[in-house]
Amino acid sequence: MKNTVDTSKRYDFAVIGGDERQVYLKTALARRNYRVCEYALCTPSTGPNRSLIYSAGSLKEAVCFSKTILLPIPMNRADGSLNHRTKNTDLSTDLLLDVLSEGQTLYAGCIPGFFLKAAWQKGVGVYDYMQQEELTIYNSIATAEGAVAEAIGKSSCNLHKSRCLVLGYGRCGKTLSFALTGLSCRVTVCARSQKARAEADLTVSNTVDIAAMRQLLAEYDFIFNTIPEQILREDDLSHINPDAVIIDLASSPGGMDHEAAKRLGLHAWLCPGLPGKYAPKSSAEAMAEIILRSNQI
Ligand code: NAP
């Protein structure tokens, strides 16, 4: 059955699911006097602007009464359901598609291709935060700071003067290398492209290609992976210094064989969602700016 848009939508935004970023996003919008409907947020509403915030009783209610739907980064959990930390049972992608209607707009991160296509066919405008280059660069700041925090928390040694290997020199790799260099670490960047290595050479101690990196793994105190592919294989892991701390930033399943790392007794952690854990307010403010700039509310 086709849903028709209700021109008397009561809320400007529905903010649904996710981590603390969604909680701050709701507050950021209410602070700007938008009417916000929240559902399945990880922390219940408190504080100012309560009169502009309504708590919906279901996914259907939140979606049907709102002009713009704000889902989290990433949009889905590994099982395909919408990303949330609550006990609500109606957070299914199929139900969401069913209740969305023509003329609505939806924002989320890492939107699956099938969902994009189906929503567009219904006349819903869909924006993936991850396609907004500006946001992904801001996101890399929170990610790099989170990676540093994780490394400090998981090691008994200083980062200062430590030997750090950063795998990958994209957005996260660049920002993290910059942060580690600022903390007086001896940073080696591993990148497959010559151009990326030349760029990294301007600021870090050393650069290596993938083949050279495999020969040097024993030398590092900290290894940070940002490459979204299985770059560290089981035979590579056996060469890593057993005292090294390995922080894998790549999205699940990460850039290494974590089962093998466990078997080898390495100190390796897959660390997803660092912006939501370490800088949810800053991340939410950047998301709000992007939404308000591109949305005609
Ligand atoms: P990006 O800008 O696309 O950078 C990816 C880097 O990996 C580039 O240097 C790329 O090299 C390299 N790379 C990709 N495939 C490779 C391969 N097969 N072999 C060697 N190098 C390869 O991505 P990003 O924004 O930095 O994000 C990196 C990862 O972190 C993603 O998985 C992202 O989802 C994740 N992430 C995690 C968090 C968190 O909280 N943990 C936060 C943000 C992002 P080329 O330039 O040569 O292609």
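Pro 74 is found in the loop between E4 and H3, where helices (H or I, at least four residues) and strands (E, at least two) are DSSP runs numbered from the N terminus. The peptide bond that leads from Ile 73 into Pro 74 is cis, with omega near -10°. The structure is a predicted model, in which local features need pLDDT of at least 70 and side-chain atom pairs count only at pLDDT 80 or more, while totals for chains, interfaces and linings use all residues. Residues are numbered from 1 along each chain as its sequence is written, and side-chain values use heavy atoms, with hydrogens and water left out.

A cis peptide bond also joins Ser 252 to Pro 253, with omega near 10°. Pro 253 lies in the loop between strand E11 (245-248) and helix H10 (258-263).

Strand E4 (residues 66-70) has four of its five residues buried, so it is largely enclosed by the rest of the structure. Buried here means under 20% relative accessible area, exposed means over 50%, and partly exposed lies in between (1.4 Å probe, protein chains only). E4 runs parallel to E1, and four bridges join the two; strands are taken to pair if DSSP finds at least two bridges between them. Within E4, Ile 69 stands opposite Ala 14. E4 also runs parallel to E5, to which it is joined by three bridges. The bridge partner of Ile 69 in E5 is Leu 106.

Thr 105 also belongs to strand E5. Thr 105 is buried, with a relative accessible area of 15%. Leaving out residues up to four places away in sequence, Thr 105 touches Lys 67, Thr 68, Ile 69, Val 124, Gly 125 and Tyr 127, contact being defined as heavy atoms within 4.5 Å.

The largest nonpolar core holds 26 residues, of which Ile 16, Leu 71, Leu 96, Leu 106 and Phe 115 touch the most other members. Two or more residues of this core come from each of strand E1 (11-16), strand E2 (36-39), helix H2 (59-64), helix H3 (93-99), strand E5 (105-108) and helix H4 (113-121). A nonpolar core is a set of buried Ala, Val, Leu, Ile, Met, Phe, Trp, Tyr and Cys residues joined through side-chain atoms within 4.5 Å. When neighbours within four places in sequence are left aside, Leu 71 is in contact with Ile 16, Gln 22, Leu 82, Leu 96, Leu 106, Tyr 107, Ala 108 and Tyr 129. A second, separate core has 24 residues, including Leu 176, Cys 185, Ala 196 and Leu 274.

The ligand is surrounded by 22 residues, and the closest are Cys 172, Arg 192, Ser 251, Cys 271 and Leu 274; a residue is counted if one of its heavy atoms lies within 4 Å of the molecule. An oxygen atom of the ligand lies 2.7 Å from a polar backbone atom of Leu 274. For Arg 192, a polar side-chain atom is 2.8 Å from a ligand oxygen atom. A backbone N or O atom of Tyr 169 lies 3.0 Å from an oxygen atom of the ligand. The ligand taken alone exposes 930 Å², and the protein buries 73% of that; accessible areas come from the Shrake-Rupley method with a 1.4 Å probe, and for residues only the protein chains shown count as cover.

Two residues in loops have a positive phi. Ala 40, which is not a glycine, has a phi of about 60°. Ala 40 is found in the loop between E2 and strand E3 (53-55) and counts as buried at 8% relative accessibility. Lys 161, likewise a residue other than glycine, has a positive phi near 65°. The loop that holds Lys 161 lies between helix H5 (133-154) and strand E7 (163-167). Lys 161 touches Ser 184, Cys 185 and Arg 186, not counting residues up to four places away in sequence. The C-alpha atoms of Lys 161 and Leu 180 are separated by 9.7 Å, the two residues being 19 apart along the chain.

Asn 241 lies in the loop between helix H9 (234-237) and E11 and counts as buried at 18% relative accessibility. A polar atom of the Asn 241 side chain lies 2.9 Å from the backbone nitrogen of Asp 243. Beyond residues up to four places away in sequence, Asn 241 touches Leu 217, Ala 218, Tyr 220, Asp 221 and Leu 266.

Terms used. Polar contact = N/O pair within 3.5 Å; in protein donor to acceptor, adjacent residues only side chain to side chain.
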